[in-house]
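Visitor: I have a model open and would like to go through it piece by piece. Can you start wherever you like?

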Amino acid sequence: MEVGVISAYSLKYELRTPKEVWDMIKEVTEGVIRKVDKGISEEEIDLVIVSNFSDRFGGLLHTAPLVISHLGLNSTKGFRVENACVSGGTALYLAWNFLKSGLVRNVLIVGFEKMSYLPSSMEINEVLMLAGHPDEVLVGSPFVSLYALIAAAYMSKYGVKEEDLALIAVKNHENGLRNPLAAMQKKISVEDVMKSPYISWPLKLYDSSLITDGAAALILSSEPRKYTDAPVMIRAVAMHHDHPGVFQRDDLTALRAVKKAGEEAFRSAGLTPKDIDVMEVHDAFTIAEIIVYEMLGLANRGRGVDLVRNGVTTFNGEIPVNPSGGLKSKGHPIGATGVGMVAEIYWQLRGEADQRQVPDAEVGLVENHGGTGATSVVAIFGR
Amino acid sequence: MVWKLITYTELYTPVPPYKSIYAIGIVENEEGVKRVVRIDRKFFGRLKTGMVGEVTESWSVFGNIPLFIPSGVEAREEKVALVTGGARGIGAAISIELAKSGYLIAVADILRDTEAENTIKAISNAGSKAVFVEMDVSRYESVEEGVKKVASEFGRIDVLVNNAGITKDSYMQRMSPDMWDAVIRVNLTGAYNCSRAVTPYMIKNGGGVIINVSSIVGLIGNVGQANYAASKSGLIGLTYTLAKELAPYGVRVVAIAPGFVKTRMALAVPTPILRDYLRRIPIPRLIEPEEIAKLVRHIIENEALNGIVIPIDLGTTISSLKA
């Protein structure tokens with residue numbers, strides 16, 4: 001059974017939105033229904049999946065019935081998913097499986113997070129930290145430190161420098177300048193990254209994604225052509241896991257879940273990395289994007305940084321990665337992140353990405369992971 | 001059991017519930033078992049992949065935290081104290097006392113005169129080393145330059161004593177705006193300038209202590225000293241605030257509030273007023289600068305002291321009706 005994305009909608013991500021979270025949810029719900037080319041009625045939505053990491057980031061729980069009630073309280077069913085930073089990817093995985101099974105015909109996915117609901121980044125990091133292994137929580141290791149452990153091990157193993165990691169931040173900020181939805185539209189240089197303060201050595205402020213408020217929504221359908229003549233078809237969605245603790249892994253510099261999910265997605269879609277025209281990947285920290293290149297088979301181990309250095313993954317390169325600006329510049333409102341990544345690929349494959357449009361993009365890939373890669377979802381889309 | 005450090009990170013952003021900075025590492029034993037561990041911030045700058053050590057458990061209300069202690073790494077190097085107004089009076093006594101405790105001393109003062117030379121000599125006689133830093137604490141550029149000099153000379157700064165102070169006494173109605181500004185600039189803005197400039201160095205070292213020399217006048221007021229009293233009260237507010245802001249980085253901030261100390265500043269007070277003052281306090285004498293210095297040393301050593309004002313006043317505050 002073919003499954004396609006028939007609509008996408010996103011708020012502009014913001015560092016600190018004045019909007020209430022319920023208003024954000026309503027806005028993307030109404031927006032995504034309005035954007036369906038041939039129209040869809042509320043009662044045609046069979047399932048609502050809400051993606052939200054924590055009620056500490058918005059102060060709301062049990063949000064699926066709120067959305068369903070807003071849609072008119074038809075026979076729609078719904079629930080919330082939480083899988084750390086891959087909550088959005090998990091919602092996609094579930095929606096795709098529900099649709100393939102024939103249990104439902106149309107699924108609405110709403111992702112949101114209002115991280116500024118907590119007053120300080122210290123408190124925000126405390127909540128995020130809980131997505132690690134209990135031993136990592138016990139020693140008090142926030143996510144930046146866990147990625148810093150990975151980065152330090154990677155740099156030592158492959159002779160990569162902090163300046164190399166900085167290239168990812170520079171590229172994604174450059175891309176974000178073309179995206180009106182990006183939270184931080186600011187051009188930065190390698191020097192700016194190097195001058196930014198260490199958060200957890202060797203990672204600096206500018207190696208880190210943004211604490212962001214945002215919401216995004218998608219509608220997926222098993223009868224996509226009934227609603228649009230230009231659906232974006234889902235060619236594969238794969239989910240895999242790794243040990244949650246960085247210390248539990250045989251190779252500290254690998255993201256096994258990404259590798260496994262990538263391999264399965266390429267196999268299911270009958271494609272190879274060379275077939276991908278545009279990608280949105282999970283650059284929670286600069287080191288993550290480099291390792292993701294390697295896990296997805298774009299580069300050999302230890303050579304990921306060559307892709308950005310040689311311009312392969314820059315906006316005008318062979319495989320532009322994160323034309324939206326990524327988590328680094330567009331932002332990372334946890335529950336909305338994966339949903340927003342799919343929205344970006346939807347617009348890219350429909351030729352609706354305006355200034356950031358990758359020319360002739362026909363096949364796109366989303367890689368969204370949670371924790372330090374304990375869960376990864378890789379999805380491939382085509383026109 | 002021997003554990004080897006295979007990767008580590010120094011965390012500079014404190015996270016609740018611990019609200020503290022430390023290093024985090026992954027260690028591995030000979031059987032290939034790996035653990036995530038915490039490493040005390042005193043090892044900042046001295047960790048290396050491949051180091052060996054042992055893992056102990058440190059009790060906390062949140063659970064027993066595995067702590068890696070690298071072998072063969074001295075926890076303490078020579079420590080450095082920067083004392084403003086360190087050439088004379090209370091500042092000189094503090095400089096000499098800390099030198100006796102093994103501190104390298106940066107004597108910051110506005111003028112390198114005979115008193116400054118004598119203090120530097122006394123530090124040297126106490127078996128330590130001193131560097132003189134010409135510093136006008138009221139100007140941030142001067143402070144920044146001086147602090148850089150100390151860091152380049154001694155490599156670190158562990159203790160800052162904000163001691164530099166002046167008086168320009170007069171009844172408020174006769175006190176010119178210049179008199180007001182001058183005292184606030186040196187006594188209060190000076191402490192802000194110095195605290196701001198040294199904090200990054202302290203964080204990089206894994207912590208430090210800032211001691212603000214306030215005064216009982218900042219607690220109870222004093223006729224003829226509106227500017228001085230306001231500056232010394234201001235130091236107390238600065239102490240409380242910095243103690244909250246910097247605690248996560250291992251920097252403690254404490255104020256002391258001396259009564260009249262036997263220094264040129266106190267002896268400049270007209271004799272009848274001094275005599276009257278002594279009549280009203282339980283122990284009728286002046287405090288020796290060395291007594292202040294001993295308290296400063298204690299504050300540095302006692303890691304439980306933070307965010308408080310300690311009067312050292314022979315009982316002045318209990319005898320005062322604030323009138």
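Guide: Start with chain B: Pro17(B) sits in the loop between β1 (3-10) and β2 (23-28) of chain B. Strands here are DSSP runs of E with at least two residues, helices are runs of H or I with at least four, and both are numbered from the N terminus. This is a predicted model, in which local features need pLDDT of at least 70, side-chain atom pairs count only at pLDDT 80 or more, and totals for chains, interfaces and linings use all residues. Residues are numbered from 1 along each chain as its sequence is written, chains are lettered from A and ligands numbered from 1 in the order in which they are written, and side-chain values use heavy atoms, with hydrogens and water left out.

Visitor: What kind of peptide bond joins Pro16(B) and Pro17(B)?

Guide: A cis bond, with omega about 5 degrees. In chain A, the bond from Trp201(A) to Pro202(A) is cis as well, with omega near 5 degrees. Pro202(A) is in the loop between β5 (198-200) and β6 (203-204) of chain A.

Visitor: Now the sheet in chain A. What is the strand order?

Guide: The order is β3-β2-β4-β7-β1-β8-β11-β10-β9, nine strands in an open sheet with mixed pairing. Two strands pair if DSSP finds at least two bridges between them.

Visitor: Which strands stand at the edges?

Guide: β3 (77-81) and β9 (278-281) of chain A; each has a single partner strand, so one side of each is left without a neighbour in the sheet. On average, neighbouring strands are turned by 25 degrees against each other, direction ignored. Axes are lines fitted to C-alpha atoms, for helices over the stretch in contact, and angles run from 0 to 180 degrees between N-to-C directions.

Visitor: How many bridges join β10 to β11 in chain A?

Guide: Eight, between β10 (residues 363-370) and β11 (residues 375-382) of chain A, which run antiparallel. Leu365(A), for instance, has Ile380(A) in β11(A) as its bridge partner.

Visitor: And which strands does helix α10 of chain A lie across?

Guide: Helix α10 (residues 256-269) lies across β8 (232-241), β10 and β11 of chain A, at about 145 degrees to β8(A).

Visitor: How many residues of helix α11 in chain A are buried?

Guide: 10 of the 10 in α11 (residues 286-295) of chain A, so the helix is largely enclosed by the rest of the structure. Buried means under 20% relative accessible area, exposed over 50%, and partly exposed in between (1.4 Å probe, protein chains only). Among the buried residues are Glu289(A) and Glu294(A). Gly297(A) follows α11(A), with a positive phi near 85 degrees.

Visitor: What about Asp158(B)?

Guide: Asp158(B) pairs with Arg156(B), the closest N and O atoms being 2.8 Å apart, and both residues are buried.

Terms used
Contact = heavy atoms within 4.5 Å. Salt bridge = Lys/Arg side-chain N within 4 Å of Asp/Glu carboxyl O.
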